[in-house]
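Please read the following note with the sequence and the model open beside you. The points are meant to be checked one at a time, residue by residue.

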Amino acid sequence: MLKILLPMTMLLPTALLSPQKFLWTNTTTHSLLIATFSLQWLLPTYYPHKNLTQWAGIDQISAPLLVLSCWLLPLMIMASQNHIQHEPPTRKRVFIMTLITVQPFLILAFSTTELMLFYISFEATLIPTLILITRWGNQPERLSAGTYLLFYTLISSLPLLVTILHLHAQTGTLHLAMLKLVPPTLTNSWADLLSGLALLTAFMVKAPLYGLHLWLPKAHVEAPIAGSMLLAALLLKLGGYGIMRITLLMTPLSTHLHYPFLTLALWGALMTSSICLRQTDLKSLIAYSSVSHMGLVIAASMIQTHWSFSGAMILMISHGLTSSMLFCLANTNYERTHSRILILTRGLQPLLPLMATWWLLANLTNMALPPTTNLMAELTIMIALFNWSALTIILTGIATLLTASYTLFMLLMTQRGTLPTHITLIQNSNTREHLLMTLHIIPLLLLILKPELISGTPL
């Protein structure tokens, strides 16, 4: 674990001391090396708990998310180059350092085996994200988006802190392995039901569950490209990961709390897919599609079977890469047309034919085309839900249909149709952007060949 954490913290002096000329080169190369080194966590030789220490350990659930965290840092740095090109040198350094700061907290959150440390690192990721949105967002509404993000997350996670302290008073330990050995004596009393609810709420807001999701589209629309990638690909996964970890600890209670959360998650997947069909803003459309996919992850995590956990895990990784790629593509369009409104940026295929290919690939993975891992994940989740209750097939079936509809709508609106008259001159796509898309799509295509690496099950 320290083998990665130390080089990750060494990225800060790299960003601070690199000559201006080599700032981007040095930070991107350094973070790419870390990303390549982190791939070893996916190897079966790491399990079970090969490097378990007193406070951190990697198992099948955390390994794929840890690798995703390391993989996306160089991509975020690459995607932001154009966005902050004209900023003063000091602000460029501060921007890169803010991006780097999130990373150790994410690695700690995904690998910690102690609940209090998990809570601290879970909350600490909020501060750099807030700085990214409020300082480098594009519009004045970014301040209200930051406030939304802050208050939604803080209000929901205070009960979590209280419950963790209560759990410690009851059991005398917060170590996850110990808590599994000595399950907390939870009964069906109101106090225990409320503590179970408090444990889950913070993660439900982060995931986000439909009804608690209003901060997400706002934050996405206002965030710079790196902020959007960070939110969609990693911070939402903290919610899913937290639900997986916590539901395993509260088995006696889960029967009571299953129903409202499952219903809301599946209904939310359907509703947000419908909302996507009438979006005019490209970034907002991709943000709502994230809520829809994470609804399936929440539903699967609440069932607690091997199949559902496996499906949730694969969907989290696949969605992380797909939505990050879609945000990058939306950003390339925005940098050229200076608008996110779909009707003002349509018909770009003749002007940017290579970008149209990336758009097609990203949209096909988003709508879970065979043989992508997205399809495998959705089928696994749908089977697990169907085994739990046959009625869920209606909701998941309609949600899948709507996903295909809005994805095609997004593709046709951005690529096809007549070019608006105000677009007369457009900058060509460049190598940096193509490399960025390639680094998103390669893991997705390679995982089709060996999906068990990210399925969260022992190999």
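1. Throughout this note, a salt bridge is a side-chain nitrogen of Lys or Arg within 4 Å of a carboxyl oxygen of Asp or Glu. By this rule the count comes to seven salt bridges. One of them brings together the side chains of E452 and K450, at 3.0 Å from N to O. With relative accessible areas of 33% for E452 and 39% for K450, each partner counts as partly exposed; here buried means under 20% relative accessible area, exposed over 50%, and partly exposed in between, with a 1.4 Å probe and protein chains only.

2. Before going further, please keep in mind that this is a predicted model, in which local features need pLDDT of at least 70 and side-chain atom pairs count only at pLDDT 80 or more, while totals for chains, interfaces and linings use all residues. Residues are numbered from 1 along each chain as its sequence is written, and side-chain values use heavy atoms, with hydrogens and water left out.

3. The side chains of R245 and D59 also meet in a salt bridge, with 2.8 Å from N to O. R245 lies in helix 11 (residues 225–247) and D59 in the loop between helix 2 (23–38) and helix 3 (62–80), so this pair ties together parts that are 186 residues apart in sequence. Helices here are DSSP runs of H or I with at least four residues, numbered from the N terminus. R245 is buried at 11% relative accessibility, and D59 is buried at 12%.

4. What lies around K92, and which side chain of opposite charge is nearest to K92? K92 sits in helix 4 (residues 89–111) and is buried without a salt bridge, the nearest side chain of opposite charge being that of E87, 8.6 Å away. Leaving aside residues up to four places away in sequence, K92 touches Q20, L23, I84, Q85 and E87, where contact means heavy atoms within 4.5 Å. E87 does form a salt bridge with R91, at 3.0 Å from N to O, and R91 is partly exposed at 35% relative accessibility.

5. Helix 14 (residues 306–337) deserves a check of its length. At 1.5 Å a residue, its 32 residues should span 46 Å, and its end C-alpha atoms are 46 Å apart, which agrees; the expected span is 1.5 Å times one less than the number of residues. H338, which follows helix 14, has a positive phi near 55°.

6. Q304, in the loop between helix 13 (282–303) and helix 14, has a positive phi of about 65° although it is not a glycine, and Q304 is partly exposed at 22% relative accessibility. A368, in the loop between helix 15 and helix 16, has a positive phi near 55° and is likewise a residue other than glycine, but A368 is buried at 8% relative accessibility.

7. Please inspect the cis peptide bonds as well. One joins A207 and P208, with omega about -15°, and P208 belongs to the loop between helix 9 and helix 10. Another joins P370 and P371, with omega about 5°, and P371 is found in the loop between helix 15 (353–366) and helix 16.

8. H213 lies in the loop between helix 9 (190–206) and helix 10 (215–222), is buried with a relative accessible area of 5%, and touches P208, Y288 and V291, not counting residues up to four places away in sequence. H258, in helix 12 (residues 251–276), is buried at 8% relative accessibility and, with the same exclusion of sequence neighbours, touches M302, I303, Q304 and W388.

Notes
Helix = DSSP H or I, 4+ residues; strand = E, 2+ residues; numbered from the N terminus. Lys, Arg positive; Asp, Glu negative; His and termini not counted.
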